[in-house]
Amino acid sequence: MIFFRCCLFLCLMCCALSSNAVDKALVDAQNTQNTQSKEKEASLSIFNRDILSFRASVLGIEPADRVARAQRRIKQQLSPNGNHKVTALPMPPGILIQIDGAGSFYIAPDDIDQFQQETLEGVAKDVVAKLSAVVAETQESRSVENMLRAAAYVLIASIIFIVLVWGVQRLRRLIEARILSFASAKLDDLDLVHAKLINRERTLWILHRLFQLLLWVIVFLLTYQWLSLVMSQFPFTRPWGEHLNDFLFNLIANIGTSILKAIPDIFTALVIFFLAKLVNQGLSGIFDSIQNGVLRVSWLDADLVRPTRRIATTAVWLFALAMAYPYLPGAGTEAFKGVSVLVGLMISLGASSLIGQAASGLILTYSRVYRKGEFIHVMEHEGTISEMGMFTTRIRNGMGVELTIPNSLVLGNVTKNYSRVVQGQGFVVDTKVTIGYDTPWRQVHAMLIQAALRTPGVLIEPTPKVFQTALSDFYPEYLLICQAVPSEPRPRAEVMNLLHANIQDVFNEYGVQIMSPHYLGDPAQEKLVAKENWNRAPAAAK
């Protein structure tokens, strides 16, 4: 029973798929046929006036050749003077169009667009009317009186056009001056202007620009109507003049219709953006609570709230834009698609390094490699972090110079963090010295610790420590590590300078030579600085 049901279900699915495949094939065939017919279609135009579109081949003659033959034939028929009466003679299966009883061209049944519910008789009647208009315009163009009359109309229309443009400019200046004067007086009385909430000059500038825009719109409409009137006076350009008005009215009607049709989609997009704003407000409240310490979560620290807030806000708005994109006006047009492709291409070609920097910044931020205020060493640069950005990290070195380091450079090199291993705030101070084997290592340890404790800005707790890092051929290497005091903030370069000075002083006090950089043999006289010479000029006595 189960097997029978499964077979029945598969049969029904196959039938449905087959039906869909057949429907799709029929639609594809129809689309292919329409495309092929449009590719073969040729339009017959006489005296700049469209007469008919040929879609079919007649006696092996293609539509383009039919158009060329018809144009030559009509030109010959209209060349002599005469009434040139246009008639339609039924010649099954089509209709023959004649001028003065002589055939001009043939309308085949396949030239009719059946999808537009056209009929052969209706198309023939329309062709006769258009061709009769062409005959009348041809006769008109050969009349000197008609041409002079048209030129006089054009001259009068041009004078009226110039007067109207001049009058509109004068009227605009007069109205603009009065309105700007009135607005300036009202703005002087507003408290918002005195409180600098409204910029007086900017407001007046906007009003001036609005009047200029209104002037250009009126001048454009006047110019458009003048051009349409001028073209309509001459037979050769009359079809263009007639199309100008139709084009403008159709354009305004299409824009108005599109705006009305887009209102529901615009409302849907606004609702999506409004919901995105509410989500961002809710997330902002949560982030503020975490940053202020009111709310504690294990996965987000207070110092990561700022970058996380930016990422979350950007993600919400991008998601809202993706959801609202289909409802935006013009989203499905070819122009919008072309702009989208262009923007995507620009981002893919020019933003690869930018995206790499941003990814490096996110990795450094959330992997907690360092934080703001910590002292780090990257390559040959070291200093205190003053700002952590998505693309760069800024540090301030011991000389007070701010350095900007790309995040990809930080991520691709070894980073030393002198603040991460300390207890609390502050940073680690370390230095290395080499002392001969004839000096007891315990004495060296004690002298280095004593020099560290003499240095202002070094903590007593934790106690400075000394490590023997290597036993070289001529001397041991000693590494002193201590922590700078956070209560006395000093640049690390200053602390290192004082530490090195104290190490030299302590070693001179106890008569121990520092064997750096190289040791070749014991000198005849020990290389020490006598205490009475510690402050030799130009050093000041302390």
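How are H7 and H8 oriented to each other, roughly parallel or roughly antiparallel? Before you decide, keep in mind that this is a predicted model. Now select residues 238-292, which form helix H7, together with residues 305-324, which form helix H8. The two pack at an angle of about 170 degrees, and their axes lie 9 Å apart. An angle over 145 degrees counts as roughly antiparallel, so that is how H7 and H8 stand to each other. Turn the view to follow the crossing: H7 passes H8 in a right-handed sense. Colour the contact of H7 with H8 by residue class, and you will find 16 nonpolar, 5 polar and 3 charged residues.

Select residues 42-46 for strand E1 and residues 49-54 for strand E2. These strands run antiparallel and are joined by 5 bridges. To see how they line up, show Ser 45, which stands opposite Asp 50 in E2. E1 and E2 form a hairpin with 2 residues between them, and Phe 47 in that turn has a positive phi of about 55 degrees. Now bring back the rest of the model around E2: 5 of its 6 residues are buried, so this strand is largely enclosed by the rest of the structure.

Move on to residues 86-91, strand E3, and residues 94-99, strand E4. Here, too, is a hairpin, with 2 residues joining E3 to E4. The strands pair in the antiparallel sense over 6 bridges. Show Met 91, and look across to Gly 94 in E4, which it stands opposite.

**Last stop: a sheet and its helices**

Which strands make up the open sheet, and in what order? Follow them across and you will read E11-E13-E12, 3 strands with antiparallel pairing. Select 428-434 for E11 and 465-471 for E12: these stand at the edges with a single partner strand each, so one side of each has no neighbour in the sheet. Looking across the sheet, you can follow a twist that averages 20 degrees from one strand to the next.

Methods:
Residues are numbered from 1 along each chain as its sequence is written. This is a predicted model: local features need pLDDT of at least 70, side-chain atom pairs count only at pLDDT 80 or more; totals for chains, interfaces and linings use all residues. Side-chain values use heavy atoms; hydrogens and water are left out. Axes are lines fitted to C-alpha atoms, for helices over the stretch in contact, and angles run from 0 to 180 degrees between N-to-C directions. Helices (H or I, at least four residues) and strands (E, at least two) are DSSP runs, numbered from the N terminus. Angles under 35 degrees count as roughly parallel, over 145 as roughly antiparallel, 65 to 115 as roughly perpendicular and the rest as oblique. A crossing is left-handed if the near helix is turned anticlockwise from the far one by less than a right angle, and right-handed if clockwise. Ala, Val, Leu, Ile, Met, Phe, Trp, Tyr, Cys and Pro count as nonpolar, Asp, Glu, Lys and Arg as charged, and the others, Gly among them, as polar. Two strands pair if DSSP finds at least two bridges between them. Buried means under 20% relative accessible area, exposed over 50%, partly exposed in between (1.4 Å probe, protein chains only).
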